[in-house]
Amino acid sequence: MSALIEAHATAGASREELIAKLAPLGVSFGYQSTSGKWAETPTTTLEMVNDSFPASDAVASTGAPIVCTPGRWHPELFGTLILEDGFNIQVHGVVDVYGYHILYTREGVRRFVLAAPERLKVPERGWGWQIQLYATRTRRSWGIGDFRDLGLICRLAAAQGAACVQVSPVHAIAPLASPQPSPYSPASRLFLNLLHVAPGRAFGAERVNLSDLDVKGRALNNERLIDRDVIWALKLEALERIFEQVKDEPNVEFETWRADHGQQLRRFAVWSVIAETQQHSDWRNWPEELRRPDSPGVAEFAREHAERVRFHTWAQWVASVQYQEACSYGVDVIADLAVGFDAGSADAWAFQDLLNFNFEIGAPPDSHNTEGQRWGLPPFNPQSMVQADFAPFVEMVHAALAYAGSLRMDHVMQLWRLYWVPVAAGAADGVYVYYPVDALLAILRIEAMRADAWIVGEDMGTVAAGVRETMADIGMLGNRSGMRTPIDDFPLLGIGTSSTHDQVSVAGLLTGSDVADLKRIGKNADWAQTEHTRRTLAELAHIDPEREPAAMTTADVKSAVTARYRMLSHADSIIIVVNIDDAAMVAERPNMPGTVDSYPNWRIALPGFVDDIITSPLADDLVQLMHESR
């Protein structure tokens, strides 16, 4: 146990008293390690959690949320019910209206009511494409894949008979000179990444000369590595030119959209302008008067910078219009939802009263990682979430499904529990905190019903007992990768692929280039298992497994890709997605986990234009394979 944790005040409640108080609130006092041993949660960690939970008098008048099914009797549904539309009724065990309601019981206790369908929509058996949007450039791109390119991909996929296109996260980033490259480290999960805007498609762009920027932007397509710094400078200038042309013109569509997105949109736009003026995005290090979104100082700042706030609001509208159009071309876009956000992000600024900044999300020590993991993401306090009627989660899911036909939740186990690590201690000092999963799953069902969407839960890796069974019971698809799970073991209710953004591609495995990359940057792996997997792939493609990996030809890679997807096409899973990297015979991983500067994570574009790749002879063969079995 760390010295800092030991130094935390130990006076007050005993360990038994802390457990008695915290256990009903979802705080564990220990866990079963991967080695099978019981690991006790340090008492001082329990004290820190206790200090960070809302005071008992703050929650006394608020009861646990009620999850019910419209038309079905519920034993606790008695009292005055305020429906989502504001209409008041007396309920006697039954509510007939789907949605979010407020119940005041006869004892005067306020309870949040989630009237949800029992099951999610399940897609029909089919197939789709899996892409990293930043990597999928066309001839019109400015060095990075954009929403116009996504629209083209969706149109081509629809023409091929695909059912879906799975896309890397498109969450918003901070508007700074050096944009965050990882799509899984967003500034906000409520808004969109302006790097994916196609400036020439913005309303009013036809009246602005962007030719100089267009020449520079297209020239960036000649470089394999994506230079987000240069791209951001070009796109920001383009958007500013267009905004200068249209800012004084009436625009009913923009004003309606702005009004519909309300307070959170305004807060994000104000945060963006403050980040620009401060030249860094971590609000915790801003001047004191700017650290709270509802402070007089922020209100005054917003008034003084009203035009710039309007610019960032308008830019988000431009992104929204383009993303909506891209999602309208006949396939279900599967939006990928990042597991969290940085402590210095816009979402953390907006929701700071609901977060616990004394802890960060991570993982306990195990046999593969003896020190455990910490991810730098502040956890939501489950009790505060209940107090707020789960507003951040509702808003996040609603935003994610505004245009997409499906949602993939990264690390779906977060709905059940998260491992909290004290920020000034080690991972061994952490504690599992459980969340009101029934309410969170009900929100998913309500929002998916309203969007006519289906939900995927990324459940790869170590999964707690009962998680997958619950997912199956409500119709949530699991997620499997052939690089981790035998294809014969893919579940029926699932979406399957050959590999994820963190895993080796077919070409990288067959040619040995991935092993070379791992060794070059000093990452260890189970080399014997890797070689066994490579030889199995070679045999599947009728390639001599004794041949040196470096001697593999382009024809060999094509044979291996084809053989791999022939097997995948016969998998039981309802949906199979074809990784565009395999169709392009890409050898590099998009991301090398556990690295920062030693590998160009999230910066590697496809080796050619995506419209050429997705219509190539190899892609045609893969499409044919999918149709033969799906």
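In what follows, a residue is called buried under 20% relative accessible area, exposed over 50%, and partly exposed in between, with a 1.4 Å probe and protein chains only. By that scale arginine 310, at 28% relative accessibility, is partly exposed.

Colleagues, the structure above is a predicted model, in which local features need pLDDT of at least 70 and side-chain atom pairs count only at pLDDT 80 or more, while totals for chains, interfaces and linings use all residues. Residues are numbered from 1 along each chain as its sequence is written, and side-chain values use heavy atoms, with hydrogens and water left out.

I begin with the salt bridges, each a side-chain nitrogen of Lys or Arg within 4 Å of a carboxyl oxygen of Asp or Glu. The structure holds 36 of them. Arginine 310 pairs in this way with glutamate 255, with 2.6 Å between the closest N and O atoms. Helices here are DSSP runs of H or I with at least four residues, strands are runs of E with at least two, and both are numbered from the N terminus. Glutamate 255 is also partly exposed, with a relative accessible area of 26%. Salt bridges with shared partners also join Arg139, Asp611 and Asp612 into one network.

A further salt bridge connects arginine 15 and glutamate 40, whose closest N and O atoms are 2.6 Å apart. Here helix α2 (residues 15-22) supplies arginine 15 and strand β2 (residues 38-40) supplies glutamate 40, 25 residues apart. Arginine 15 is buried at 19% relative accessibility, whereas glutamate 40 is partly exposed at 48%.

I turn to the aromatic residues. Rings of Phe, Tyr and Trp (its six-membered ring) pair if their centres lie within 6.5 Å; planes under 30 degrees apart are stacked, over 60 edge-to-face, and the rest tilted. There are 24 aromatic pairs in the structure. One of them, phenylalanine 351 with phenylalanine 380, is tilted, at 6.2 Å centre to centre and 55° between the planes. Phenylalanine 351 sits in the loop between α11 (346-350) and β13 (359-363), and phenylalanine 380 in the loop between β14 and α12 (382-387). Phenylalanine 351 is buried at 8% relative accessible area, and phenylalanine 380 is buried at 14%. Elsewhere, Phe191, Phe268, Trp271, Trp286 and Trp349 make up one aromatic cluster.

Next, the sheet. Two strands pair if DSSP finds at least two bridges between them. Four strands form an open, antiparallel sheet in the order β14-β13-β16-β17. Its edge strands, β14 (373-374) and β17 (431-434), each pair on one side only. Strand β16 (residues 417-422) is joined to β17 by four bridges, and tryptophan 420 has valine 431 in β17 as its bridge partner.

Finally, helix α19. The expected span of a helix is 1.5 Å times one less than its number of residues. For the 16 residues of α19 (residues 554-569) this gives 22 Å, and the end C-alpha atoms are 22 Å apart, which agrees. Its buried residues include Val557, Ala560, Val561, Arg564 and Leu568. Contact means heavy atoms within 4.5 Å, and among the elements covering the buried residues of α19 are α18 (527-540), β21 (575-579) and α22 (617-629).
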